[in-house]
Amino acid sequence: LCRGGLAERLCRLQNRERSAISFWRHQCISEDKIPSDKSGVLIVKILEIFEECTIQVAICQQLEQSPAALSPEDAVVNAEEPILKVLFTRETAAHLKGRPQDVIHIYPPWQKLLLQNADVPVIMNTYFSQKVLISEHSEAREKTYGLTKMLIRKNIISLAQTFRLDDLDDKLHQESSDNQVPCAPQTLNNGDPKRCPLALSAVNDSLLEMVESQGAVGWREVQVRVVIQRVYCLPAREGHRSYTQGNKPLCATPVANSDPPNARLCLLVQDAYGMFSEVQLQSLSSTDDIEQYCRRWEGKSCCLAGMKILQRTTRGRALGLFSLIDSLWPPVVPVKVPGQSQDSEMMTTNLPPPSFCYILTVQSGEIHVEVDEEEQISNLYQPPAVHGLKEILRIDGCNKRCSFWALVLYRRLQTKHSVPLDQRETLLFVTDSTLQNVVHGIPKVVVAALTASCVLSMEIIEALSAGSRLVFFKDALWGNGRIICVERTVLLLQKPLLCSAAGADLSELTGPVRLDELDSTTQANSICALRGTVVGVNESTAFSWPTCNRCGNGKLELCPQDRESLYCNQCSEVVTTPVLKMQLEVFLRCPSQPQSTVKVKVWHEITLFVLLTMLLFLQTYEVQSVLGKEVGLLNCYVHSVTSHPNCAVLEEIVLL
């Protein structure tokens, strides 16, 4: 806040006001009596209570000074005194817990506001108020009522009514009582799964209006209608476990005394005004469910209720979330503008992107999401725009979301020992027809880095372990020359039913996959093809080990009965003809890198290893017998490339 400015002065005033109210209440409680000074005290009896725009409105009748022995029910009403409309803030109302027939003492400095064309004066500034409990009967009634929630009707006032717009629908001209709903908590009857409180409550189309009118503690009695733009999983930290049956609403129950699930189902939703919100739902028992949720829910309208606000986040605090929101902005159809006429010419897409977003979660035991799966896809829905990898490599800027369809050729876990195993990146080397058909200038294979926060289904994990697969990468992040799969990135084996090709060449690969040959532009942590001449073998680092010829176990032991034989614990048998495996480091001279020394680590059962092993065995392990031999093309992973000295360290690999 600017020093000495209006905002700072207002902040100080509010702090002093809160302190004065707290001190006054503490004094009343500690002295356990009503303040003796009755000058200027307004005594009212509550006739009716309702809530409007987070303010509790009490319709009251003023009382004359009555004897202390009288109960509130017996208090004398002055018929000549007009009815009063008393406004209580949310905090004051929570402190008073007022009900009809209660007597309230309102101490100065209350104020009376007289409105034009209104017969009922409005009483404001009611911070210093106290409920009067005079008789034992009243105290017993208070204790009894304190155990139950008060049903208070809530008037839903739309922005169109507030600004008195001319083009209102007939619905907006109905009496406010048509939109009133009870604010008691709706509980789900476990014995009657067909009971659905959502069907009885009012429906709104503005997330922001719901948040402002219902508050951070959540809303139960009103629904918000939104469109599901994306379905994804986030790593579960703490949460709820929920269950779904067909088209029935989801119900959440808190997790107790159980291991936390791996992932939580989340929705990115958008309302009719273009505002986004992330809804964190249940923890999935299996991440394989994510694909079916994507296919069933994305693009459909749904109604939210029973939500509570976890966090109000901003662009600076949630770059990943807002990069996804930015990819969906501007809306594909014009959206409503708060406070303006909703004529077609007033609905515009020339709006700045959202600067904040509410993270919502479900309240335990509440019905909270109802998706109409039979409904048509909403016009507001933006399916993922699929690009070719060549087009993605040409995108300017960073933190841009992109979706593509690619063939995974090879995967490798990063081996940074300082990083815990469950937090390391996995590198996926991918390609598509747009890269394979390029002659030069663009790599034929690119890396998609999988971070630990990207939740993968078991179906994807098993598919990548089994072999090379076509995978759909939805909402991956592009920036600083890298494709990164982060939170809110989804990997699927099937392309979504709705996706726009964005003019990309998505033809499938024909023929064998080609890698770029090693040259001066090759970088570390990439894969390439290699050909060259053997100029040396590092005998000091070469080693071999015997393996079981039946199961391939490389940890053989000496046989207890015969110390000259080997024994396999997995087969529980003596190994009479072990298979010898070796590791070698070979130095090559490559025509594409004549000034560099290329060191290749070769392992058992790989092309170069088999060739060298045959030659070494034929020449009785004479290294000179392999020097000068031509090898290639070999598929290699590049560990490092240095310029001083000119050296490249590679490892021969087998593609998926």
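1. Let me start with a proline. Pro-330 sits in the loop that runs between α7 (319–327) and β18 (356–362). As for the names, helices (H or I, at least four residues) and strands (E, at least two) are DSSP runs, numbered from the N terminus.

2. A word on what you are looking at. This is a predicted model, in which local features need pLDDT of at least 70 and side-chain atom pairs count only at pLDDT 80 or more, while totals for chains, interfaces and linings use all residues. Residues are numbered from 1 along each chain as its sequence is written, and side-chain values use heavy atoms, with hydrogens and water left out.

3. Now the overall picture. The protein chain has eleven helices and 34 strands. Of its 656 residues, 45% count as buried; buried means under 20% relative accessible area, exposed over 50%, and partly exposed in between (1.4 Å probe, protein chains only). The accessible surface of the protein chain comes to about 34,700 Å², and carbon and sulfur atoms account for 51% of that surface. These areas come from the Shrake-Rupley method with a 1.4 Å probe, and for residues only the protein chains shown count as cover.

4. Contacts across the sequence deserve a mention. Taking contacts in the protein chain between residues at least 6 apart in sequence, 70% join residues at least 24 apart. Contact here means heavy atoms within 4.5 Å.

5. Pro-109 belongs to the loop between β4 (103–106) and β5 (111–113).

6. On to the aromatic rings. Searching the whole structure gives nine aromatic pairs. Rings of Phe, Tyr and Trp (its six-membered ring) pair if their centres lie within 6.5 Å; planes under 30 degrees apart count as stacked, over 60 as edge-to-face and the rest as tilted. One of the pairs is Trp-405 with Phe-472, which is tilted, at 5.9 Å centre to centre and 45 degrees between the planes. Trp-405 lies in strand β20 (residues 400–413) and Phe-472 in strand β23 (residues 469–479), so this pair ties together parts that are 67 residues apart in sequence. Trp-405 is buried, with a relative accessible area of 18%, and Phe-472 is buried too, with a value of 0%. Elsewhere, Trp-24, Tyr-107 and Phe-128 form one aromatic cluster.

7. Two arginines are worth a look in the viewer. Arg-312 lies over the face of Phe-356, at 4.2 Å from the ring centre. Arg-412 lies over the face of Tyr-637, at 4.1 Å from the ring centre. The criterion is that NZ of Lys or CZ of Arg is within 6 Å of the ring centre and within 35 degrees of the ring normal.

8. If you work with cysteines, how many disulfides does a search of the whole structure find? The result is zero disulfides, a disulfide being a pair of cysteine sulfur atoms within 2.5 Å. For Cys-402, the closest cysteine sulfur is in Cys-485, at 8.5 Å, too far for a bond. Cys-402 counts as buried, at 2% relative accessibility. For Cys-590, the closest cysteine sulfur is in Cys-528, at 8.7 Å, again too far for a bond. Cys-590 is also buried, with a relative accessible area of 2%.

9. Helix α6 (residues 289–297) has a buried set made up of Ile-290, Glu-291, Tyr-293, Cys-294 and Trp-297. These residues cover an arc of only 165 degrees around the axis, which puts them on the same side of α6; the arc is that of the directions from the helix axis to the C-beta atoms. Just after α6, Gly-299 takes a positive phi of about 90 degrees.

10. Cys-53 has a phi of about 55 degrees, lies in the loop between β1 (42–52) and β2 (55–62), and is partly exposed, with a relative accessible area of 49%. Asn-125 has a phi of about 60 degrees, lies in the loop between β6 (122–124) and β7 (129–131), and counts as partly exposed at 27% relative accessibility.

11. Last, a loop residue. Thr-576 lies between β30 (573–575) and β31 (579–590), and counts as exposed at 65% relative accessibility. The C-alpha atoms of Thr-576 and Leu-566, ten residues apart along the chain, are separated by 7.1 Å.
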